[in-house]
Amino acid sequence: MMISSPTDFSDSTGLYTLQLPSKIESITLVENFIDNLSEKYNFDEETYATVLTCLSEAVINAIVHGNKQDDVKKVFVNLEVIEGKRLIFTIADEGKGFDYNNLPDPTSPENLENYSGRGVFIIKKLADQCIFNTLGNELELHFKI
């Protein structure tokens, strides 16, 4: 019989943390992280694309809108893998937050050609669950794998 300490995880459960500088280049670290997760937990192509898209959008939003690309501020990405079946990501920035209930609809005609403004819309469409904290500087994303 094997006795495990609280820091030992089975292959199907795990906790991961990333602390990213608020620079656009940090997205490469997120992509590498998702690549490694995909390998470890055998994501299918759709799951891989969904998780990569949502995490990229969330981290870019945190860097650009939340932390205003201030190098001193960090973006925190935490992940809990539950029984190799579910991923729960938490993405937080050190910004003031925003009112996620009053975002312009990117599908309305006046917004269709805007360069930005689709990130949260895309995340809400793709993630199984998307929960903002009250302040709007932390996002929890759930995916089944």
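A residue counts as buried when its relative accessible area is under 20%, as exposed when that area is over 50%, and as partly exposed in between. In this predicted model, Asp-128 has a relative accessibility of 47% and therefore counts as partly exposed. Lys-144 reaches 58%, so Lys-144 counts as exposed.

These two residues belong together. Asp-128 forms a salt bridge with Lys-144, and the closest N and O atoms of the pair are 4.0 Å apart. Asp-128 sits in the loop between helix 3 (119-126) and strand 4 (129-132), whereas Lys-144 is part of strand 5 (residues 138-144), so the contact ties together parts that are 16 residues apart in sequence. The count of salt bridges in the model comes to one.

Strand 1 (residues 14-21) pairs with strand 2 (residues 74-82) in the antiparallel sense, over eight bridges. Within this pairing, Gln-19 stands opposite Phe-76 of strand 2. Strand 2 also runs antiparallel to strand 3 (residues 86-93), and eight bridges join the two.

How many residues lie between strand 2 and strand 3 in their hairpin? There are three, and one of the residues in the turn, Glu-83, has a positive phi of about 50°.

Is Lys-74 buried, exposed or partly exposed? Its relative accessibility is 28%, so Lys-74 counts as partly exposed. The C-alpha atoms of Lys-74 and Asn-42 are separated by 29 Å, and the two residues are 32 apart along the chain.

The loop between helix 2 (45-66) and strand 2 holds Asp-71. With a relative accessible area of 48%, Asp-71 is partly exposed. A residue needs over 30% relative accessible area and no salt bridge to be part of a patch, and Asp-71, at 48%, is above that area limit. Asp-71 gathers with Glu-25, Asp-70 and Glu-94 in a patch of negative charge on the surface.

Key. Residues numbered from 1 in each chain as written. Predicted model: local features only at pLDDT ≥ 70, side-chain atom pairs only at ≥ 80, totals over all residues. Heavy atoms only, no water. Pairing = 2+ DSSP bridges. Helix = DSSP H or I, 4+ residues; strand = E, 2+ residues; numbered from the N terminus. Patch = residues over 30% accessible without salt bridge, like charges linked within 9 Å, V, L, I, M, F, W, Y side chains within 5 Å. Areas by Shrake-Rupley, 256 points an atom, 1.4 Å probe, with all protein chains shown as cover. Salt bridge = Lys/Arg side-chain N within 4 Å of Asp/Glu carboxyl O. Lys, Arg positive; Asp, Glu negative; His and termini not counted. Charge placed at Lys NZ, Arg CZ, Asp CG, Glu CD. Buried < 20%, exposed > 50% of the residue type's maximum accessible area, 1.4 Å probe, protein only.
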